[in-house]
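Have a go at each one before reading its solution.

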Amino acid sequence: MKRYLQLLTVLTAICGGCVVMSKQIDPTSELAEARVHPGITVLLNDSLDLIRGKRIGLLTNQTGIDESGRSDIDLLRDKKARDANVNLVQIFAPEHGLRGTEDRQNIASGVDQKSGLPVFSLYGEQTMAPPDSLLRPLDALVFDLQDIGTRTWTYVGAMVYAMRAAARLGKPFIVLDRPNPITGYIIEGPLLDTSLANANDPAPGRPGQAYALWPMPLRHGMTMGELARYFNDVLQIRAVLHVVPAQGWRRDVWFDLTGLPWVNPSPNMPSVKSAMLYPGLVAFEATNLSVGRGTPEAFQHVGAPWLNAAATVAILRDREVPGVRFYAETFTPQSPSDGKYGGQTIPGIKIVVINRSALQAARVGATLLWAIRRTGGEHLTIRDRDFDLRFGSPSVRLALLRGSDPDVVIDREYRAAYAFRERTRQYLLYR
């Protein structure tokens, strides 16, 4: 109880005085009627001068849409943009491609069939920056990708690399902001260890880490626009940066209460439910456990043929992890992109969120690792560095595998998360 109260004090401070352990959002409340307008709408309605008369490039994918589901590509070629002499001349696409359907490396460049515009892929063996040769003819580069609120999301790396390229050539970099789908209300989880972080551009013989850029918490509580402001400063990029904020969003509003359509930001991110658990389960990609790729509920369960799901769930239920319930449940990955157990019905652990305001995804992930180690440790294999690059800390992984209490291990990480929020407060755009 003492440890719970200490943690509650820290969480209250992080969230600006709100007690997150008990706060719940009522879908029938005022928040359920929120009508958020993303940055693309605000740009065309209020900030058109940023691109008026300019040749622009657009870094986007299927998530770059307005509140009616119209794509940025169409909107930047529509009458309002044409009347302002806006000339969209090229498109850049991140990991998963322009339509968000590719879950592989070496995505080819091509042509957008609808607009006829060239599409340049920024994803080969890893995320890349736009080449200088393509940026030189432009007057500005516009960026619009949906973040997922987790440190491991490569679209943030694509933004940093593109912003650095734009700065190098003196081109304005315009970020069209969107809500953080899992709220900007709380941050949590281990900071990425400084020995693992790498925010440098990829170079021959020196791979980049678009998913492990900077010592920040697993769940960072910021939007793309806020992250752009932060990285432009701390990395000394010195871009001519313009962030066009989303209108009508508050930090405590979950995506499904914004009125915006959900578009899968990647092939294995099918819902807000998956997004809210993703921070805690993404590190299991570096193990011989499936996280449900190849099912409609990716990142909502873990499983493997060797997993003793019933015994593990019994241990997990004794822990009473806030915000979730665990169930033993089989699942069958179909053509999973990670190659794990395709076509096999395997024992699994289903994670059901019962109170998302109390959910601490990092605590869920830590407790899962601890419990699975206890019931099937001889079968569990982990690629240590890959796991640490995602969860963030070798010391956390080692402590959990030694059998240390996962609550104690995770509780220790909150003060660093709180310090990060204090350092980033000046870059926040929303209340």
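**Exercise 1.** Is Phe299 buried or exposed?

*Solution.* Start with the accessible area: for Phe299 the relative value is 1%. Buried means under 20% relative accessible area, exposed over 50%, and partly exposed in between (1.4 Å probe, protein chains only). So Phe299 is buried. Next, find its place: Phe299 sits in the loop between helix 8 (272–281) and strand 10 (301–303). Helices (H or I, at least four residues) and strands (E, at least two) are DSSP runs, numbered from the N terminus. Last, check the backbone: Phe299 isn't a glycine, yet its phi is positive, near 65°.

A quick word on the ground rules: this is a predicted model, where local features need pLDDT of at least 70 and side-chain atom pairs count only at pLDDT 80 or more, while totals for chains, interfaces and linings use all residues. Residues are numbered from 1 along each chain as its sequence is written, and side-chain values use heavy atoms, leaving out hydrogens and water.

**Exercise 2.** Where does His96 lie, and what is its phi?

*Solution.* First, look in the loop between strand 2 (87–93) and strand 3 (110–111): that's where His96 is. Then read the angle: phi is positive, about 80°, although His96 is not a glycine. Finally, its relative accessibility is 7%, so His96 counts as buried.

**Exercise 3.** Which residues touch the most other members of the largest nonpolar core?

*Solution.* Begin with the term: a nonpolar core is a set of buried Ala, Val, Leu, Ile, Met, Phe, Trp, Tyr and Cys residues joined through side-chain atoms within 4.5 Å. The largest one has 105 residues, and Phe231, Phe326, Ile349 and Leu368 touch the most other members. Helix 6 (residues 154–168) gives the most to this core, with ten residues. Now zoom in on Leu368: beyond its neighbours within four places in sequence, its contacts (heavy atoms within 4.5 Å) include Leu281, Phe284 and Val302.

**Exercise 4.** Which residues of helix 12 are buried, and what do they pack against?

*Solution.* Step one, list them: Val396, Arg397, Ala399, Leu400 and Leu401 are the buried residues of helix 12. Step two, look around them: they pack against strand 7 (188–191), helix 10 (361–376), helix 11 and helix 13 (406–411). Step three, carry on past the end: Gly403 follows helix 12, and its phi is positive, near 100°.
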